[in-house]
Amino acid sequence: MYGNLANTPDSIDTGMDSIVIVNHLEGIPGGKVLDTTGFDPTVIKAGHVIIKNASDVYKPLPVTGTLPASHTIEGILVSSILTAKPFAAVMVRGTVNVVASPYPAHITSDVKTALPLIRFVDESK
């Protein structure tokens with residue numbers, strides 16, 4: 001998978017990123033370029049679940065929240081990125097504020113089990 005390095009001016013609202021990712025302790029070294037084929041939103045927001053297929057291709061979890069067959073849960077996106085420029089920092093250890101994440105319903109027991117070094121908290125209380 002290759003990313004497009006064309007420098008088209010774009011803006012992303014990252015105002016919630018530091019509220020969603022409360023504590024980023026460790027990530028996949030060097031990050032990953034995500035395969036965003038079929039992912040409709042133009043921005044992948046911080047806190048989005050990142051998955052991997054059997055061919056080691058990393059992707060954002062579909063908006064439906066359904067884990068596709070032959071995929072595993074790998075981490076959480078650290079900061080918001082454009083779908084067109086999917087260069088991702090993927091957290092594997094830290095703390096996520098679930099209620100501020102883009103799809104809180106996606107943080108299921110399966111996600112929590114797959115990512116035991118990430119604490120999922122409700123900071124609204």
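Begin by selecting Asp35 and Thr37 in this predicted model: their side chains make a polar contact of 2.6 Å. Asp35 sits in the loop between strand E2 (32–33) and strand E3 (43–44). Asp35 is buried yet has no salt bridge, and Lys59, the nearest side chain of opposite charge, is 4.5 Å away.

**Salt bridges**

How many salt bridges does a search of the whole structure find? The search finds two.

For one of them, select Glu26 and Arg93, whose side chains meet with N and O at 3.9 Å. This pair links distant parts of the chain, 67 residues apart: Glu26 belongs to strand E1 (residues 21–27), and Arg93 belongs to strand E9. Glu26 has a relative accessibility of 36% and therefore counts as partly exposed. Arg93 is likewise partly exposed, with a relative accessible area of 36%.

Next, select Asp56 and Lys52. These residues form a salt bridge in which the closest N and O atoms are 3.4 Å apart. Is Lys52 buried or exposed? Lys52 counts as buried, since its relative accessibility is 18%.

**Two positive phi angles**

Keep Asp56 selected and inspect its backbone. Most residues other than glycine have a negative phi. Asp56, however, has a positive phi of about 65 degrees although it is not a glycine. Its place is the loop between E4 and strand E5 (58–60).

Ser70 is exposed, with a relative accessible area of 59%.

Nonpolar side chains tend to be buried together in soluble globular proteins. To see the largest nonpolar core here, which has 18 residues, select Val49, Ile76, Val96 and Phe120; these touch the most other members. Which elements give two or more residues to this core? They are strand E4 (49–53), strand E6 (71–77), strand E9 (90–97) and strand E10 (118–121).

Centre the view on Phe120. Leaving aside its neighbours within four places in sequence, Phe120 is in contact with Ile76, Val96, Val98, Ile107, Val111, Lys112 and Leu115.

Finally, select Phe39, Ile44, Tyr58 and Leu77. These residues are among the ten of a second, separate core.

Terms used: Residues are numbered from 1 along each chain as its sequence is written. This is a predicted model: local features need pLDDT of at least 70, side-chain atom pairs count only at pLDDT 80 or more; totals for chains, interfaces and linings use all residues. Side-chain values use heavy atoms; hydrogens and water are left out. A nonpolar core is a set of buried Ala, Val, Leu, Ile, Met, Phe, Trp, Tyr and Cys residues joined through side-chain atoms within 4.5 Å. Buried means under 20% relative accessible area, exposed over 50%, partly exposed in between (1.4 Å probe, protein chains only). Helices (H or I, at least four residues) and strands (E, at least two) are DSSP runs, numbered from the N terminus. Contact means heavy atoms within 4.5 Å. Lys and Arg count as positive and Asp and Glu as negative; His and the chain ends are not counted. A salt bridge is a side-chain nitrogen of Lys or Arg within 4 Å of a carboxyl oxygen of Asp or Glu. A polar contact is a pair of N or O atoms within 3.5 Å; within protein, one must be able to donate a hydrogen and the other to accept it, and residues adjacent in sequence count only if both atoms are side-chain atoms.
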